[in-house]
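Colleague: Before I rely on any label in this model, I would like to hear what each one rests on. Could you take me through a few of them?

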Amino acid sequence: MNFYQLAIKGYYLDALTYESEEEFEILDEVVVDLAKKKNLKAIVLQKCPKPDFKTQAIKEKTGYKLTPYQYELAQFIAYYYASKIAFVLGMFEGINVYKHDKIQIEKTPILSQNQQEALEFIKARQTSLLFGDTGSGKTEIYISLIKECLEQGKQVLLLMPEIALTPQMQKRLKVYFKEHFFLWHSKVTKKKKQTYLQDLASSKALLVAGARSALFLPFKNLGLVIIDEEHDNSYKASNNPRINARDLALFVAKKMDIKILLGSATPSVVSFYKHDCFRLKGTFFESKKEFLYDESELSVSSKLLLELKVSLREKKQAVVFLPTRANFRQILCKECANTIQCPFCSIALSLHKSKNALKCHYCNFTKEIDQTCPTCNGAMLEAKKMGTAELCELLEKELAELNPSIKRFDSDEISSVKKLDMILKDFNQGKIDILVGTSMLAKGHDYHNVDLSVILGLDEYLFRPNFKALEETLALAMQVAGRAGRKGKGRVLLQTKNKAFFEKYIQDYDCFLNDELSARNGLYPPFKRLLRLIIEDEDKNKALSLCEFMAKKAQELEFVQLVGHGSCAIEMLHKKWRFYVLLRADTHQELVKFEHFALNFKNITCDIDPVDFS
């Protein structure tokens, strides 16, 4: 009889011992029962001696196994993000027989001299950053690198921050790589995923383009990883384990000697500091931008309407960015100025007019709109701060004489890849005049007839209690600005009371990066590492007590600094009170030790290298 330690995929358990008369290899996927749960998939971690307790039998082998690449990555995730290996392995897909083939690509991108220099720079380095202006031709450089890799029979992973980018990228990749690639993201059906895994195993597809989860596929001969829009926070998971796909890709590339390229028009301060950088300036097409400022409060101002009318009369299109979904950020009582709060989270409910409902954007609690104020019984409830739906209504009313076609472009409206495709297609065919949306608008789409980008509501983002607030706000503004004038002249209208900040930096991100590095020195990444603990409990006093205990423990450590602790910005979520402890250190090792200590307490969530401080 043989005995094996197995990791039950997706379960937060230590390795369990099972028996079998059959011989298995390390990383084989097998089927087992666990208590009353039947036919669970598990991964063979190692062979072990006969234990002094009774063991269950392994039922069968699935024929799939993990690759060494996957196991190396899973082990690091379990260590760095303080999780159980079995739980981590639930994110990984196995592979069966792997076939190694080369692919001949017929088409080759034509590169400018600058692009060619960038390509040679990247090829000479294992890790590099391509800092290229919007429209400078980063994608053609990606394609050139991918082509070379595929023709050597090596696999390539192209990561994108979210599926909003995939339709456009799919069209570009199809021109060069035809059926030799696939897109991988959460909206792909289970049946299609199985087909794609077979294509990867047979080498029919050597290129995978996708969102965060594509990193966990069973690569066996990975030669190149490209991380597009590397600055984007979508690479960071908001649930456990709180991985950052960009950082994990950098780890595994270094560990397994795989070439990796980070690309962005607004690279993160950390990446700019840490990696060799090629600066690709200018645009691929002739483009000129004029920046305009509107210093009024967030509103549909006369200046905004004037600029929109200019675009409409010239048969051009416009994109209007607003950071808020729904009809309003919140509703406010005229008499007592109180908002209507979610009963489970300490935040105001958002108004969704189409559903005649108030909704919490954190726990999804939904209720009918109150006719009177629940605090003072006042009859009048007034909308406070616009969202995308309300803005669309106001623009349709104010621009009625020109009868424009106005569409929303946010996660409430874009509920599927099919809907995303349809709206982008209609916009590019000129069927939509004005696209009103959230950060999805900024995500690298090419709109060649857009001559106006409008940016609203960024002031509240600029001074958030987050060390990355300036970086993220400026990057977002520049990404939205980059949608206008892709071919020809463009105008960018910023509605802001912080004109001096945007005037200084929006056309000079290089200057901002250097200034921001000076400001962060000795305090924040890339010079320091951060760990944030979140303590949650239905009993407020218990949560507070544990927060104080963890802060005291941190203060006892020689190489860890307690930055702060107390109530979270959002004090309650899902009926639980929330407190935080924020720690700082020179290296990650001491923080990881504290992370593993903290996980002895079930009410604590650990977030190393945090990006969200709410």
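The conversation below sets some of the assignments against their definitions.

Modeller: A word on the source comes before your questions: this is a predicted model, in which local features need pLDDT of at least 70 and side-chain atom pairs count only at pLDDT 80 or more, while totals for chains, interfaces and linings use all residues. Residues are numbered from 1 along each chain as its sequence is written, and side-chain values use heavy atoms, with hydrogens and water left out.

Colleague: How do you know that the span of α16 agrees with that of a helix?

Modeller: Helices here are DSSP runs (H or I, at least four residues), as strands are (E, at least two), numbered from the N terminus. The expected span is 1.5 Å times one less than the number of residues, so the 16 residues of α16 (540-555) should span 22 Å, and the 23 Å between the end C-alpha atoms agrees with that.

Colleague: Why is histidine 596 called partly exposed?

Modeller: Histidine 596, which is found in helix α17, has 36% relative accessibility and therefore counts as partly exposed. Leaving aside neighbours within four places in sequence, histidine 596 is in contact (heavy atoms within 4.5 Å) with Ala78, Tyr79 and Ala82.

Colleague: What makes strand β3 largely enclosed by the rest of the structure?

Modeller: In β3 (residues 28-34), 7 of the 7 residues are buried, so the strand is largely enclosed. Both faces are covered, with Asp28, Val30, Val32 and Leu34 buried on one side and Glu29, Val31 and Asp33 on the other.

Colleague: How do you know that β3 pairs with β4 and with β6?

Modeller: Two strands pair if DSSP finds at least two bridges between them. There are 5 bridges joining β3 to the antiparallel β4 (residues 37-47), and β3 pairs with β6 (residues 60-65) over 3 bridges, also in the antiparallel sense. Leucine 34 has lysine 37 of β4 as its bridge partner, whereas valine 31 stands opposite glutamate 60 in β6.

Note on methods
Buried < 20%, exposed > 50% of the residue type's maximum accessible area, 1.4 Å probe, protein only.
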